[in-house]
Amino acid sequence: MHTDNSNRKFALACDIGATKVSLSLGYRPGEISDRLTDMTHRMSEPESLINELSGMISGMVEKNRLSMKDCMGLGVAFAGPVNGKEGIVLYAPNIQGWENVPLRHLLEKKTGVRVRVHNDANVGALGEYRHGGIAGAGDMLYITISTGIGAGIVIDGKPYEGANHMAGEIGHVTVIERGRKCGCGKSGCLETVASGSSIERIALERMEAEETSLRRRALETGGRVSSIAVFEEARKGDILAAELVENACRYLGTAISGALMLMDFSSVVLGGGVAREGEYLRKKVEFYTLKGLARGRTQPASILVSRFPDSVVDIGALELVFEGT
Ligand SMILES: [Zn+2]
């Protein structure tokens with residue numbers, strides 16, 4: 001039996017990344033009722049992306065027996081710096097054709113609904129702030145650790161973008177002098193030693209010289225290694241894997257303690273794919289964060305892992321629509 005959804009108000013949310021685009025539908029804040037992810041998506045120029053998204057929206061609305069006239073709006077999370085007030089994508093790292101794109105305006109024209117566009121880390125921070133473990137308490141730093149490392153800042157309940165819409169670029173804080181070259185053009189950034197892809201890269205480099213269970217495991221899977229495998233082997237006691245995890249957490253903790261000394265956030269939430277490692281990751285990052293704080297700081301921030309690392313950006317993007325109503 002199909003639910004009769006005629007005249008039911010709903011919100012749409014879209015998460016646009018370099019390698020995937022997902023669309024979610026929700027009827028109330030904090031709840032995703034339907035979700036569609038295009039994993040084959042490769043970030044293309046704005047026009048084809050807008051057409052692809054428009055097709056996904058029509059399909060989802062039809063499937064759920066809804067009508068676009070009952071759509072309250074579309075919230076968009078974009079993987080790159082965004083002027084959220086104007087809904088303009090400033091640029092997309094490593095992808096050509098995305099410079100000063102008025103994405104909000106283009107999507108409003110295409111869909112006929114109200115659209116809001118923000119940077120994905122800021123959107124994740126908003127989702128976490130409204131519906132996560134600290135729901136609505138104090139100022140928050142949300143760090144997403146996956147292929148890259150980014151952060152969203154919530155101050156007084158609102159995402160903070162900074163003077164040039166670049167706040168939260170903690171992944172590009174230098175943690176190693178004369179370190180490895182980073183995609184941003186600098187060297188020794190946090191992202192080059194603590195992101196999921198960096199952990200994988202360092203594991204592959206080190207495995208060539210050292211005989212470990214991580215290496216045996218990689219050989220069984222055609223020479224590949226994932227950050228999940230590194231964490232799993234570290235838990236089991238593999239010396240190399242444990243060292244890689246420890247190093248990544250130490251660099252993360254160092255960067256977070258710097259952010260805390262500067263901004264005195266009441267909480268820090270770890271999100272993104274690597275945050276699925278849960279308590280194991282949290283404890284280590286907390287250890288190194290506390291080590292980096294000055295003595296006399298009597299109230300260290302609470303450090304949590306995201307309650308929903310897989311869907312917090314979608315929940316935040318829905319929130320962009322609901323909070324504006
Ligand atoms: Zn960098």
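**Exercise 1. Describe how the two domains sit against each other.**

Solution. Start with the centres: those of domain 1 and domain 2, taken over C-alpha atoms, are 27 Å apart. Domain 1 covers 10-126 + 312-322, and domain 2 covers 135-305. These bounds come from an automatic or database domain assignment. The model is predicted: local features need pLDDT of at least 70, side-chain atom pairs count only at pLDDT 80 or more, and totals for chains, interfaces and linings use all residues. Residues are numbered from 1 along each chain as its sequence is written.

Next, count the contacts. Two residues are in contact if their C-beta atoms, placed from the backbone, lie within 7 Å. On that basis, 14 residues of domain 1 touch 15 residues of domain 2. On the domain 1 side, β5 (82-83) and α3 (120-131) each supply at least two residues. The largest share, five residues, comes from α3. Helices (H or I, at least four residues) and strands (E, at least two) are DSSP runs, numbered from the N terminus.

Last, sort by class. Ala, Val, Leu, Ile, Met, Phe, Trp, Tyr, Cys and Pro count as nonpolar; Asp, Glu, Lys and Arg as charged; the others, Gly among them, as polar. The domain 1 side then has eight nonpolar, six polar and no charged residues.

**Exercise 2. Work out how α3 packs against α10.**

Solution. Two packed helices are described by the angle between their axes and the distance between the axes. Axes are lines fitted to C-alpha atoms, for helices over the stretch in contact, and angles run from 0 to 180 degrees between N-to-C directions. The axes of α3 and α10 (residues 312-322) come within 7 Å and cross at roughly 85°. So α3 is roughly perpendicular to α10, a label for angles of 65 to 115 degrees.

Now the residues. Those of α3 include Asp120, Val123 and Leu126, and those of α10 include Val312, Ile315 and Leu320. By class, this contact holds seven nonpolar, four polar and four charged residues.

**Exercise 3. Is valine 193 buried or exposed, and which residues does valine 193 contact?**

Solution. Locate the residue: valine 193 lies in helix α4 (residues 191-194). Apply the cut-offs: buried needs 20 or more other C-beta atoms within 10 Å, exposed 12 or fewer, partly exposed in between, with C-beta atoms placed from the backbone. Valine 193 has 23, so it is buried. Leaving aside neighbours within four places in sequence, valine 193 contacts Val175, Ile176, Ser198, Asn247, Ala248 and Tyr251. Across the chain, 44% of the 325 residues count as buried.

Methods. Parallel < 35°, antiparallel > 145°, perpendicular 65-115°, else oblique.
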